Amino acid sequence: MTAEPEPEPEPAPGAVPEPGTVRPGGRTARVRTAVLRVAGDVLAERGFAHLDLADVARRAGVGKTTVYRRWGSVTGLVADLLGDMAEQSLPRTETGSVLGDLRANAALVCRTLADPRQGALFRAVIAAAACDARTGEALRHFYDVRVAEWAPCVEQGVARGELPAGTDAGEVVRAVSAPLYYALLTSGVAPGADTAERAAAAAVAAARAGVFAGQELSSPPPPLPSPIVNDSGALPPNPRSSNAGEANH
């Protein structure tokens, strides 16, 4: 049985890149592609808890020492995987209207989450991010990259006069994706076209109302009526409470 490599010492700031952050070329790039592919497969098939560097090396046909030296840890491997996924993700769609653009964004998110491999992979990474700081940081970076890719669609909508000046483009894009991920995580089922349409329409409606521009709503909800009290300061009896035969709804 081959002994595990000794952990490398912490590099001085700015001296040596952290494992999982180098963007190699040539044969090293092919090794990286193979290892990241296997890592994604394991996450989708078995989850973060079963991701093991030695097993990934074996399945990718790569030397275990190479994998340990290159990524250093499981979290380093996941961080690199998420960075690669952000780089390889599809570019934004520009339709000429902010609603059309955000519909395209919502549809892309739904297709990704409905994909058997990608949907399972995201569920695994999101679960891991809740209990592992580095995975959480890598996941936030992934979404920062994707939000930045789609934010110009909202900025162009502001320039065309579709949305109020000062609208936070990133928050609008997040408002589209948030209910889609929530639907996946709470139901276990990827959201469909109807959910995508509602998410895009709701985000645009909120943006047009100034919610993401720090403005007051044009039509705030009316205040709740004050309760009616009698002379003693007590609430009057509820006439419905005496009707024992009335069903509760």
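The protein has 9 helices and 0 strands, where helices are DSSP runs of H or I with at least four residues, strands are runs of E with at least two, and both are numbered from the N terminus. Along the sequence the pattern reads α-α-α-α-α-α-α-α-α. The model is predicted: local features need pLDDT of at least 70, side-chain atom pairs count only at pLDDT 80 or more, and totals for chains, interfaces and linings use all residues. Residues are numbered from 1 along each chain as its sequence is written, and side-chain values use heavy atoms, with hydrogens and water left out.

Of the 249 residues in the protein, 36% are buried; buried means under 20% relative accessible area, exposed over 50%, and partly exposed in between, with a 1.4 Å probe and protein chains only. Among contacts (heavy atoms within 4.5 Å) between residues at least 6 apart in sequence, 66% join residues at least 24 apart.

Helix α6 covers residues 116-129. Its 14 residues, at 1.5 Å a residue, should span 20 Å, and the end C-alpha atoms are 20 Å apart, which agrees; the expected span is 1.5 Å times one less than the number of residues. At the start of α6, a side-chain oxygen of Asp115 comes within 3.1 Å of the backbone nitrogen of Arg117. The buried residues of α6 are Gly119, Ala120, Leu121, Phe122, Ala124, Val125, Ala128 and Ala129. The elements that cover them include those in the table.

| Element | Residues |
|---|---|
| α1 | 26-46 |
| α4 | 74-88 |
| α5 | 98-114 |
| α7 | 133-159 |
| α8 | 169-187 |

The largest pocket holds about 760 Å³ of space. A pocket is an open set of points on a 1 Å grid over the protein atoms alone, where a 1.4 Å probe fits, with protein on both sides within 12 Å along at least five of seven lines; lining residues have an atom within 4 Å of a point. Of the 31 lining residues, Ser89, Phe122, Phe142, Arg146 and Tyr181 are the closest to the centre of the largest pocket. Two or more lining residues come from each of α1, α4, α5, α6, α7 and α8, and α7 gives the most, with 7 residues. The lining divides into 18 nonpolar, 7 polar and 6 charged residues.

Asp84 lies in helix α4. Asp84 counts as buried because its relative accessibility is 18%. Leaving aside residues up to four places away in sequence, Asp84 touches Arg32 and Leu36.

Key: A polar contact is a pair of N or O atoms within 3.5 Å; within protein, one must be able to donate a hydrogen and the other to accept it, and residues adjacent in sequence count only if both atoms are side-chain atoms. Grid points are joined across faces, edges and corners, and a volume is the space filled by probe spheres set on the points. Ala, Val, Leu, Ile, Met, Phe, Trp, Tyr, Cys and Pro count as nonpolar, Asp, Glu, Lys and Arg as charged, and the others, Gly among them, as polar.
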